[in-house]
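Here are my notes after going through the model you sent over.

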Amino acid sequence: MASLKQKIRQIIEENGHISVEKYMKLCLYDPTHGYYSCKQPIGLMGDFTTSPEISQLFGELVGLWLAQVWLAQGSKKPFALVELGPGKGTLMSDILRATSNVPNFLQSASIFLVETSTHLRRVQKNRLKDFEITWLESVELLPPIPLMIIGNEFLDALPTKQFCKVNGAWQERCVKLNKSGNFTFCYTPSSRDHELQLTHGDVPNRKIIEISDQATDIISKLSSKLLSNGGVAIFIDYGHFGAVGDTLQSVRNHKFSDPLRNLGKSDLTTLVNFKAISETAVSRGLRATKPLSQGAFLKGLGIDIRLNRLTKNLSEDKKYIHVSARNRLVDEDQMGELFKVFALALKDAPCLPVLEDF
Ligand code: SAH
């Protein structure tokens, strides 16, 4: 069976090059060799660690935030509790535990996990075996009822196109073969030159911009569903607000690696452009909050009170483990500042806790 490298090499030989977006798609989702199809990427034994894997405090607080919004929006029944890209199922498991005492919340909820990886679906099924859960391949399949949606490090996993202006004309960043037969980046004329001149005319020559059509598509579909049925969507991810520059990165065994090597064996991501996401949702008629740092969000939700309660009767050693996990989530030089939280809701929905408490 051909390896992923051979498969991509063949596509390049036939077409001369492959776009960065298509390259990312194959590396992440190829059914036989793609990163999410074959690997269990998250946690100490994987390539990267996410907030829910660092501390239960994260999922518990996010769960209580969702329940608070549900109460403020009139305790709609039935509603869908939805996670996009649930990884190992840890976040949903913590959300379900933390909200089990909120009257009628779980009794009114149907749980949906949107996950493309069959491998990770198995891990999630095992983790959440005590709950009735429906797995979906895409957000289009979500039911027409109010939606309480969470996505942690979901948007950054979606493939992105990269463009660069060369001598005044927009070109798309692609991957080709160099003289030695290895992968290398190149630029090819883009059919989107006219559109990009209008939307990004002020970006200087040779600066890369990133556009995730897949993220735009998913946010558009979610926005239509939210507009028709009500609810909220909260996203937590690392990103920027419309900055330019190449943010494609590859991570393997908790270290950065070359994005053109270890195909299907390392995680490929780009920073999320929160500005593009907000503009998509707002253009569809929703309200988008400003991105708030993860540190400020978790402090606003009372992470320290919850930490004290959790560690009250623990030995100093055990307490230390929870305190350092809390610091990792909240401290500015760790995940507290780089990671941002933002949410989408109906224009006339009540103020969203912490994100819109001014
Ligand atoms: N939210 C988890 C995992 C983040 S990794 C955590 O915080 O630990 C990204 C997750 O998104 C993985 O579960 C991956 O399989 C899933 N994923 C990636 N692209 C997807 C897509 N297009 N639709 C649904 N799930 C996707």
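This is a predicted model: local features need pLDDT of at least 70, side-chain atom pairs count only at pLDDT 80 or more; totals for chains, interfaces and linings use all residues.

1. A nitrogen atom of the ligand is 2.6 Å from an N or O atom in the side chain of Tyr29. Thr50 puts a polar side-chain atom 2.6 Å from an oxygen atom of the ligand, and for Glu115 the distance from a polar side-chain atom to a ligand oxygen is 2.5 Å.

2. How much of the ligand does the protein bury? On its own the ligand would expose 570 Å², and the protein buries 97% of that. As for where to look, the ligand sits in the second largest pocket.

3. Who else is around it? The ligand has 19 residues around it, and those that come nearest are Tyr29, Thr50, Gly85, Glu115 and Asn152. Sorted by class, the shell is made up of 9 nonpolar, 7 polar and 3 charged residues.

4. Now the loop between helix 5 (56–72) and strand 2 (79–84), where Pro78 has its place. The peptide bond leading from Lys77 into Pro78 is cis, with omega near 0 degrees. Ser75 is found in that loop too. Its backbone is worth a look: Ser75 has a positive phi of about 45 degrees, although it is not a glycine.

5. On to charge pairs. Side chains of opposite charge can pair when their charged atoms come close. How many salt bridges does the structure hold? The count is 20.

Technical notes. Residues are numbered from 1 along each chain as its sequence is written. Side-chain values use heavy atoms; hydrogens and water are left out. A residue is near a molecule or strand if one of its heavy atoms lies within 4 Å of it. A polar contact is a pair of N or O atoms within 3.5 Å; within protein, one must be able to donate a hydrogen and the other to accept it, and residues adjacent in sequence count only if both atoms are side-chain atoms. Accessible areas come from the Shrake-Rupley method with a 1.4 Å probe; for residues, only the protein chains shown count as cover. On a 1 Å grid over the protein atoms alone, a cavity is a set of points where a 1.4 Å probe fits but cannot get out, and a pocket is an open set with protein on both sides within 12 Å along at least five of seven lines; lining residues have an atom within 4 Å of a point. A molecule sits in a cavity or pocket if more than half of its atoms lie within 2 Å of its grid points. Ala, Val, Leu, Ile, Met, Phe, Trp, Tyr, Cys and Pro count as nonpolar, Asp, Glu, Lys and Arg as charged, and the others, Gly among them, as polar. A salt bridge is a side-chain nitrogen of Lys or Arg within 4 Å of a carboxyl oxygen of Asp or Glu. Helices (H or I, at least four residues) and strands (E, at least two) are DSSP runs, numbered from the N terminus.
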